[in-house]
Amino acid sequence: MPLSGFAKADVLKAMRDRLELATLGDLLRHYPRRYVQRGELTNLRSLRVGEEVTVQAEIKSVNLRSMKTRRGDLLEVVVTDGHDELKLTFFNQPWRAKDLHKGVRGLFAGKIDSYRDTFQLSHPHYVLFGQQSDPDSDPDSIVEEFAGALMPIYPSTAKAATWSIARVVRKVLDALGEVPDPIPAPVRERRGLLGLKEAFEAIHRPESMADVDAARKRFRFEEAFVLQTELARRRSAARQLPARPRVAGEGGLRAAFEARLPFALTDGQRAVGADVAADLARDHPMQRLLQGEVGSGKTVCALLAMLTVVDAGGQAALLAPTEVLAQQHYRSITALLGPLAERGFIGGADDGTRVALLTGGQGTAARRKALLEAASGEAGVVVGTHALLEDKVQFADLGLVVVDEQHRFGVEQRAALTGKAGGTPPHVLVMTATPIPRTVAMTVFGDLEVSTLSELPSGRAPIQTNVVPLAEKPDWIDHAWRRVRQEVDSGRQVYVVCPRIGDDGDGGDTKRRGAGGPGEDTDLSDLPADVEADGTREMTAVVALAAELAEGPLAGLRVEQLHGRQPSDAKDAAMRRFAAGEIDVLVATTVIEVGVDVPNASTMVVMDADWFGVSQLHQLRGRVGRGGHPGLCLLVTGAAEGSPARSRMDAVASTTDGFELSRIDLQHRREGDVLGADQSGRRSSLRMLAVIRDEKVIAQARTDAAEVVDADPGLRGEPALAEAVAALYDDDRADYLEKT
């Protein structure tokens, strides 16, 4: 139901345009950010420039004077919390001095800015206690609305102050009838939760913090429950879909591959292999997430699954996010298979298959050959990038889709590939080298079975990580380059990673939250919220740094560059030369973040490391120490000691435990980032629930949701819950969600 009739048109417009509040439901779920006790002054020291704030403070001084440089008056009001001060400024509004007097307390709202190193609010909205009207709004809006002990402070804007929002909320609550509750009564009783209408009253008009806590508990559970219901429905729907069982034959291709492996599988790899084989043998599609530390052997597990499907007469497709990674997968798979990847060629095994590579940068002949091998079924394994998603790509019998680094692909892209299996859905295995805490796995990947590889193969060397703090120790960068030269002199190789390409197409935009311009096949979308605030200096660029190093501190060494704007064959050639030891130092963007395996690479230098997220830094350093040589990762940063960015660097340096780092990473990020709301351009549906903090709530909601869906898969008996689930996604995305 729209909000028209509950407030003035300009307030409603501001609420709709700036806060996305268009209906009664939107408004009632626009929860207060915090509550203030009447008379309890706000800690002004906690304010930050650029924040929209509402503070409760006391007027310390009022000064009305003529401006020196232009005509008119300036009213300066200083408010205080008893320790710190905040200046309020009003231009050409001398009449406000009649209301603003020393010793008066009130609420003051606006956007914090700084003038001459002093925090201030320009033309703030305010409500003064003891006054009979709000001078910023209509004259009948009395301050008695805030006479309760607790005053809600809402996320607000300049044209819709917190008290304006509170006023509309009160009118809506007064007119509110019975509200359909998405949480079934038995679940509410079991978990001791408030009903929906009661919770709205408690969150917006609390009499005590106990009311607030009870309401938050209810809404926190509701958010988890609605999400888990949708995931339970998707699991249930997947179990109803038909799929062709794929079982490896005795003495077939998979067995031949295992017999020729030059190393022993870890216990973890064997366990994952057994789980995946059991999934593939069922008559409904496998939906499994395989997560594991960098270098834990996920690719071998995926290859075992692909060969199982090929053994059973089908084909497998491996979708990689970048050309570099696709080429790396192609090389490593063909190397592991040996003659088993060359069926039909001289020296090839008769019981083998073929492996095809399909990328957007291929030449016409290579592309035509790959398309033909995929469509005819000659290639049992097809490795590719987004090029696999094109309409012209056809398969003879696609039985398994493997998605590597699945967070790089949208729902639509995964659906486009699985749709190529024809009428029978393929089995799906998605992989990630970014360790995922259990709560996130239950929330984001709750429709998938989860396998975890935590054991690293033998022979992996330890990696030492050090921060190079340019803000305090600018000369340490010289030490870093000397260490690089020492490693090369010892026969090792080095990566240098930059956040920017720096060629003519880059545009020189150093404030952009990304690693380059259009066309760069890298991803900085997992940057935490504080990166832009810390990233105000010039970012280091691959092109410039490669030239600088070759002519300066690394003169005489074989220095080359690698980035996403190079032609496909140039990127592939650079990686081949680096793998062959023909390049000493590879200066690159994050195209080398995942999948690249060069055992002789012992050292990585990450320039402007504060421009990368915690998980991404962990991924990057996983490129070194993959042979028998100890690894070294140097995080070069200009971030000041004590800053959020610097704390991320210190966290990465302190541990190589990916699961611990994933928790730290999420603590630096907003809930919407975790669930992909920023990427989709929509607000996160989670406002109360914190996936790291609320593990117990999520587990309870998962159990309850599974019971409800098992009893009523269509939610016909729970229309309010069905409506809440439907509201999670807009119509454009619903079809794709069902396809996953």
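Trainee: Okay, how many helices and strands does the chain have?
Mentor: There are 25 helices and 21 strands in the chain. Keep in mind that this is a predicted model.

Trainee: And what share of the residues counts as buried?
Mentor: Of the 740 residues, 54% count as buried. As for contacts with a separation of 6 or more, 73% of them come from residues 24 or more positions apart.

Trainee: Let's look at a sheet. In what order do the six strands of the open sheet come?
Mentor: The order is β16-β21-β20-β17-β19-β18, and the pairing is parallel. β16 (463–469) and β18 (559–562) are at the edges with a single partner strand each, so one side of each has no neighbour in the sheet. From one strand to the next, the twist averages 20°.

Trainee: What joins β16 to β21?
Mentor: Seven bridges do, and β21 covers residues 631–637.

Trainee: Which residues does Asn600 contact, leaving aside neighbours within four places in sequence?
Mentor: Gly491, Arg492, Gln493 and His629. With Gln493, the two side chains make a polar contact at 2.9 Å. His629 is 29 residues away from Asn600 in sequence, yet their C-alpha atoms are 7.5 Å apart in space.

Trainee: How about Asp181, is that buried or exposed?
Mentor: Asp181 counts as buried, because its relative accessibility is 15% and the cut-off for buried is under 20%. Look for Asp181 in the loop between α3 (162–175) and α4 (185–191).

Trainee: What does the side chain of Asp181 have by it?
Mentor: A polar atom of that side chain lies 2.9 Å from the backbone nitrogen of Leu196. Beyond four places in sequence, the contacts of Asp181 are Arg188, Gly195, Leu196, Arg218 and Ala720.

Trainee: Now helices. How do α6 and α23 cross?
Mentor: The axes of α6 (residues 209–240) and α23 (residues 695–711) come within 7 Å and cross at roughly 45°. The two helices are therefore oblique to each other, and the crossing is right-handed.

Trainee: Which residues meet there?
Mentor: From α6, the list includes Phe221, Ala224, Phe225 and Ala232. On the α23 side, Val697, Ile698, Ala701 and Val708 are among them.

Trainee: Last topic: which way do β5 and β6 run?
Mentor: β5 (residues 105–115) and β6 run antiparallel, joined by four bridges. In that pair, Asp113 stands opposite Gln120 in β6. The hairpin has two residues between the strands, and Arg116 takes a positive phi near 55° there.

Trainee: And what about β4 and β6, parallel or antiparallel?
Mentor: Parallel, with three bridges joining β4 (residues 85–91) to β6 (residues 118–122). Leu88 has Leu121 in β6 as its bridge partner.

Key
Residues are numbered from 1 along each chain as its sequence is written. This is a predicted model: local features need pLDDT of at least 70, side-chain atom pairs count only at pLDDT 80 or more; totals for chains, interfaces and linings use all residues. Side-chain values use heavy atoms; hydrogens and water are left out. Two strands pair if DSSP finds at least two bridges between them. Axes are lines fitted to C-alpha atoms, for helices over the stretch in contact, and angles run from 0 to 180 degrees between N-to-C directions. Contact means heavy atoms within 4.5 Å. A polar contact is a pair of N or O atoms within 3.5 Å; within protein, one must be able to donate a hydrogen and the other to accept it, and residues adjacent in sequence count only if both atoms are side-chain atoms. Angles under 35 degrees count as roughly parallel, over 145 as roughly antiparallel, 65 to 115 as roughly perpendicular and the rest as oblique. A crossing is left-handed if the near helix is turned anticlockwise from the far one by less than a right angle, and right-handed if clockwise. Buried means under 20% relative accessible area, exposed over 50%, partly exposed in between (1.4 Å probe, protein chains only).
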